[in-house]
Amino acid sequence: TASSMYCIRGGPPDKKGVLYDYNAKKHKEYIESLYDEYKGAIQSDAQDIFVNLDDKENIEMSYCNAHARRKFEPIAKTTKAEGLAYTAMRYFKKLYKIEARAKKAEMSVEERLELRQAESKPIVDEFHKWLLHSKELVLPQSSLGKALQYSLKYWEGLTRFLNDGEIDIDNNATEREIKVLVMARKNFLFAYSVEGVEALAIYFTMIQSARANNIEPGEYLTSIFKEIPLCKTIEDYDALLPWNIKSRLNK
């Protein structure tokens, strides 16, 4: 099994964290142990190792609509006529326009939920009926057939954002965090070893968590490196977390 670097985002608005963690094998077991005592929603793509989490009693999986949309996108681009794939893209476009409005208006969690219930839900309901109808019109093994089946298979998770204002419509924010690592990894020659990649995960966790809390990474690293040798208790280390040290750094 190939080794992988995982990126996990989470936390309340005032305590945002970005965690990078390296795992070399047994990915299903790793993911299950990572969320063994977790309760709540998890947003991810629909890989098997994440889908299995939906079987846990206290976890609700929210899947990425950007992944569902990408199944239709290349088909719509290569088809001259405005066929089924084009229609699917129009549904996604309507939903994303609503999300863009909520972001531009800097809506609260409650306001975003209210907007989705009022405007997004009717579109989603219509989209679902269209998917069920369109599935009967195409070959199941065709690219379009697989795109339709993907959305229907993961429909519950793809539409979970309608009932929770904290959940995004897609997983793009996490993918942007992953892209930061992917773009830079060729520069990190010391990550050639397991020890190197584990160190890289720690550094990226600190840097991206600092950015998530609007702290300049260089300033954050300089500060904690000076104070870590003086730490003696768990509370001392806890005080150096981005959201706890933020008030001191931003003076």
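In this predicted model, R176 has a relative accessible area of 53% and is therefore exposed, the cut-off being over 50%. R176 belongs to helix 8, which covers residues 172-184.

Other charges are paired. The whole structure contains eleven salt bridges. One of them links E99 and R116, with the closest N and O atoms 2.8 Å apart. Because E99 lies in helix 4 (residues 84-104) and R116 in helix 5 (residues 109-135), this pair ties together parts that are 17 residues apart in sequence. Both ends count as buried: E99 has 10% relative accessibility, and R116 has 0%.

Helix 5 also holds D125 and K121, four residues apart, or about one turn of the helix. Their side chains form a salt bridge with an N to O distance of 3.1 Å. D125 is partly exposed at 36%, and K121 is partly exposed at 31%.

A further salt bridge joins E227 to R248, at 2.9 Å between the closest N and O atoms. It connects distant parts of the chain, 21 residues apart: E227 is in helix 10 (residues 217-227) and R248 in helix 12 (residues 242-249). E227 is partly exposed, with a relative accessible area of 24%, as is R248, with 39%.

Definitions and conventions. Residues are numbered from 1 along each chain as its sequence is written. This is a predicted model: local features need pLDDT of at least 70, side-chain atom pairs count only at pLDDT 80 or more; totals for chains, interfaces and linings use all residues. Side-chain values use heavy atoms; hydrogens and water are left out. Helices (H or I, at least four residues) and strands (E, at least two) are DSSP runs, numbered from the N terminus. Buried means under 20% relative accessible area, exposed over 50%, partly exposed in between (1.4 Å probe, protein chains only). A salt bridge is a side-chain nitrogen of Lys or Arg within 4 Å of a carboxyl oxygen of Asp or Glu.
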